[in-house]
Amino acid sequence: MGEEYDIVNLIVLGVISWTTVFLLVRKIFSDRSFELCNRIVSTIHGILAVILASLSVEDWSCPVCPLASASTPKQRQVLAVTVAYLIYDLICCLFDVKFTLDNTVHHLVSIVGLAAGLAFQLCGSEQVAAIFITEISSPLLHARELLKEFGYRDTDLNLAADVLFAVIFSVARMVGGPYLTFVTLTANNPLLIKLVSTFWFYKIVKMVKYKLTKRRKQVGMPGKLD
C-alpha cells in the first residue's frame, strides 16, 4: 500500500514538475509560440524517458524479458514519470490552438494503459519497452521543428536531424513496434493491456503510413520540401 501511495505522489509531483518546466520555458522564450515551448518540454521528456527506460533494463540480451511478469520498482518509476508527462501534455493540448480529438484520445488511451500497468503491477518490461520505442525518436522529431523555428531551416544541421529521425523512427516503429505488439499479445497479459497494445500498434501503422505518404508527395513536389 505504501508503494502505491509513493507512485501516486510521484505522478502528482511529476505533473507539477512538467507544468513548472513549461512555465519556465514559456518565460524564457516569451516571444516564441506556445507550441515551441511545449515541444521543448516534450524533448526533455523524450530524453529522460529513454534514459530511465534504459536504466530499468535488467538483461540487454532480452530487453523485454521477463514477459507478463511483476514490474520492478524502476519500471514503475518510468511509467509514473511518463503518465505524469502525458497528463501535463493532455492539459496543454486543451489550450493549444491545434487541438484535435485524435490527439486527445491518444493521450487518454496511453494514460489508461500505463495506469493499468501500474495498478496491476504487471507487464513492466513490455510497457517500458513501448515507452522506449515511442520516445527514442521523439527528441529528433521535435528538434526538426525547433531548428526551423530558430532559423535553421534548409541547413546541414536540419538535414542531419531529418535523416537521423527517419532512420531511428523507421527502425523503432517498423521493426520494434510490431515485435513488441506480437510478444505482448501472445504473453499472458491482462486483456486491457492487450487492447491498449493493439491500439498503440494501430497508431504506429497510421503514423508510418502518414509519414510515407507525406514523403512521396514531397518527392513529387520539390518546391514543397520542409
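Tyr-202 is partly exposed, with a relative accessible area of 45%, whereas Phe-199 counts as buried at 19%; here buried means under 20% relative accessible area, exposed over 50% and partly exposed in between (1.4 Å probe, protein chains only). The model is a predicted one, in which local features need pLDDT of at least 70, side-chain atom pairs count only at pLDDT 80 or more, and totals for chains, interfaces and linings use all residues. Residues are numbered from 1 along each chain as its sequence is written, and side-chain values use heavy atoms, with hydrogens and water left out.

Phe-199 and Tyr-202 sit 3 residues apart in helix 8 (residues 191-220), about one helical turn; helices (H or I, at least four residues) are DSSP runs numbered from the N terminus. Their rings form a tilted aromatic pair, at 6.4 Å centre to centre and 45 degrees between the planes. Rings of Phe, Tyr and Trp (its six-membered ring) pair if their centres lie within 6.5 Å, and planes under 30 degrees apart count as stacked, over 60 as edge-to-face and the rest as tilted.

Helix 8 also holds Ser-197, which is buried at 8% relative accessible area. Leaving aside neighbours within four places in sequence, Ser-197 is in contact (heavy atoms within 4.5 Å) with Thr-181 and Thr-184.

Elsewhere, ring pairs join Trp-18, Phe-22, Phe-34, Tyr-85 and Tyr-88 into a cluster. With its neighbours within four places in sequence again left aside, Tyr-88 is in contact with Trp-18, Thr-19, Phe-22, Asn-38 and Val-41.

Technical notes:
Helices (H or I, at least four residues) and strands (E, at least two) are DSSP runs, numbered from the N terminus.
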